[in-house]
Amino acid sequence: MLFRDIPGQEASKKYLEGLISDDRIPHAILFTGPEGNGKLAFAMAFAATLLCENPEGINVCGKCNHCIKSLKYVHPDLHLSFPVSSIEGKKRESTTSNDFLVQFRNFLSEQIYGGIGAWAKFINAENKPININVTECNQIIKSLGLRKYEGRYKIQIIFGAEHLSKEGNRLLKLIEEPTPDTIIILVSDYQEQILNTIKSRCQIFKIPPFLDGEIDKILKSEILDDKQRAEVVRLAAGNLKTALEIHQNEETAYDELLLDIFRAAYTSNISGMLNLADRISSLNKKEMEGFCVYTLHFLKEYMRVVHLKATDAVRLSGKEKSTALKMTRSISVRMAISIANLMEENIKNINRNANKKILWTSTMFGIEEIFAKNKIAS
Ligand SMILES: [Zn+2]
């Protein structure tokens with residue numbers, strides 16, 4: 001990944017360029033900010049620039065020996081750590097990033113704007129716990145303790161640093177007093193979940209969301225239709241990961257599912273409600289979470305439709321907008337808030353591995369009750 005391949009984000013690029021030109025590169029830096037802001041791409045590009053023999057400002061030469069290796073993510077002084085899941089035939093406690101390195105390199109080539117959820121999905125671990133374990137931490141300490149091979153720096157990237165459990169405290173000494181020419185780059189969407197002991201020892205580098213125009217530029221080669229592209233850009237709200245997901249999953253059709261749920265619950269169609277509960281229970285954990293997130297997004301925008309009366313500034317597709325406008329006759333803001341609360345609870349329960357069928361059956365009846373209690377007198 002090269003900086004010039006990351007669209008826009010000029011202020012963040014300038015900041016990193018300043019660190020390099022003023023020789024103020026911190027030993028430990030945390031790349032953070034909202035999901036879908038390109039932080040992993042930034043981390044990989046920064047590492048490549050630091051390793052390049054003849055960088056031009058923030059950009060690598062792309063030709064030297066180091067570039068050839070670091071741009072393929074195989075540079076011996078570039079160490080990659082990230083959360084992993086169990087694999088068959090290997091003890092969980094001895095399973096580390098090394099076992100997933102080939103997949104991670106593919107992930108970097110294909111989905112560098114994806115977050116930790118996209119990575120879990122990439123290794124079919126969306127329903128399994130993932131973490132950075134103690135063996136991994138020990139390996140990091142060991143590999144950074146070695147002499148650097150050929151580069152100017154030894155660079156350790158830790159993607160998904162919020163998945164460092166208490167064992168991560170083993171890294172404190174390393175972060176505080178690193179071996180010479182060592183740079184540790186942490187990458188996380190969830191800064192608040194990182195161990196405080198670690199976070200307080202890092203320089204925090206917050207990258208803002210992408211601008212709409214920047215996302216538009218990225219999607220230009222993939223979505224040729226201007227109108228369709230503008231729609232995706234608007235829905236993404238600065239999150240490049242979401243933009244790519246909307247584009248890739250256009251047929252996921254959560255809007256239809258949600259509408260079916262509202263219809264069944266509003267008319268107290270019990271068999272319909274139970275069928276829908278079955279349908280959602282058959283989704284995997286990440287998909288269920290995706291559905292809840294979609295519902296929250298829809299309801300948030302729905303409330304804006306109710307308040308604004310005009311729908312121009314609302315982040316909904318044309319089809320969703322017309323659904324929302326029709327809904328205003330029967331679904332009040334109070335109902336929408338209650339349903340949103342229910343979905344927020346569901347996200348927590350999904351992550352606590354609640355029984356899917358019970359969860360969604362009770363959700364269906366919960367929505368039905370919200371409608372029944374608050375029906376707008378017509
Ligand atoms: Zn180079």
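Over how many bridges do strand E1 and E4 pair, and in which sense? Strand E1 (residues 28-32) pairs with E4 over four bridges, in the parallel sense.

## Model and conventions

This is a predicted model, in which local features need pLDDT of at least 70 and side-chain atom pairs count only at pLDDT 80 or more, while totals for chains, interfaces and linings use all residues. Residue numbers start from 1 along each chain as its sequence is written.

Helices (H or I, at least four residues) and strands (E, at least two) are DSSP runs numbered from the N terminus. Two strands pair if DSSP finds at least two bridges between them. A residue is buried if 20 or more other C-beta atoms lie within 10 Å of its own, exposed if 12 or fewer, and partly exposed in between, with C-beta atoms placed from the backbone.

## Domains

The domain assignment of the protein gives domain 1 (3-208), domain 2 (214-248) and domain 3 (254-374). Such bounds come from an automatic or database domain assignment. The centres of domain 1 and domain 3, taken over C-alpha atoms, are separated by 37 Å.

## The five-stranded sheet

Five strands form an open sheet in the order E2-E3-E4-E1-E5, with parallel pairing. E2 and strand E5 (203-206) are the edge strands, each of which pairs on one side only. On average, neighbouring strands of this sheet are turned by 20 degrees against each other, direction ignored. Axes here are lines fitted to C-alpha atoms, for helices over the stretch in contact, and angles run from 0 to 180 degrees between N-to-C directions. Helix H2 (residues 39-51) packs on the sheet and touches E1, E2, E3 and E4. The direction of H2 makes about 170 degrees with that of E4. Residues are in contact if their C-beta atoms, placed from the backbone, lie within 7 Å.

Strand E2 (residues 78-81) runs parallel to E3 and is joined to E3 by four bridges. Along this pairing, Leu78 stands opposite Ile155, and Ser81 stands opposite Ile158. E3 is also joined to strand E4 (residues 182-187), again in parallel, by six bridges, and Gln156 stands opposite Ile184 there.

## Covered strands

In a regular strand the side chains alternate between the two faces of the sheet. Strand E3 (residues 154-159) has six of its six residues buried. Lys154, Gln156 and Ile158 point one way from E3, and Ile155, Ile157 and Phe159 point the other way. E2 is covered on both faces, with Leu78 and Leu80 buried on one side and His79 and Ser81 buried on the other.

## Nonpolar cores

A nonpolar core is a set of buried Ala, Val, Leu, Ile, Met, Phe, Trp, Tyr and Cys residues joined through C-beta atoms within 7 Å. The largest core has 70 residues, of which Phe31, Ala43, Ala47, Ile185 and Val187 touch the most other members. H2 gives the largest share of this core, eleven residues. The core lies between domain 1 (3-208) and domain 2 (214-248), because both give residues to it.

Leaving aside neighbours within four places in sequence, Phe31 is in contact with Lys39, Phe42, Ala43, Ile185, Leu186, Val187, Phe205 and Ile207. A second, separate core has 25 residues, including Ala277, Ile280, Phe298 and Val305.

The buried residues of H9 are Ile215, Asp216, Ile218 and Leu219. They lie on the same side of H9, because they cover an arc of only 160 degrees around the axis, the arc being that of the directions from the helix axis to the C-beta atoms.

Lys220 lies in the loop between helix H9 (212-219) and helix H10 (226-236). Lys220 is exposed, because 12 other C-beta atoms lie within 10 Å. Lys220 and Ala230 are ten residues apart in sequence, and their C-alpha atoms are 9.9 Å apart in space.

## Two residues with positive phi

Most residues other than glycine have a negative phi. Tyr73, in the loop between helix H3 (65-70) and E2, has a positive phi near 65 degrees. Tyr73 counts as buried, because 20 C-beta neighbours lie inside 10 Å.

Asp181 is not a glycine either, and has a positive phi of about 60 degrees. Asp181 is placed in the loop between helix H7 (172-176) and E4. Asp181 counts as partly exposed, with 16 C-beta neighbours inside 10 Å.

How values were computed. Two residues are in contact if their C-beta atoms, placed from the backbone, lie within 7 Å.
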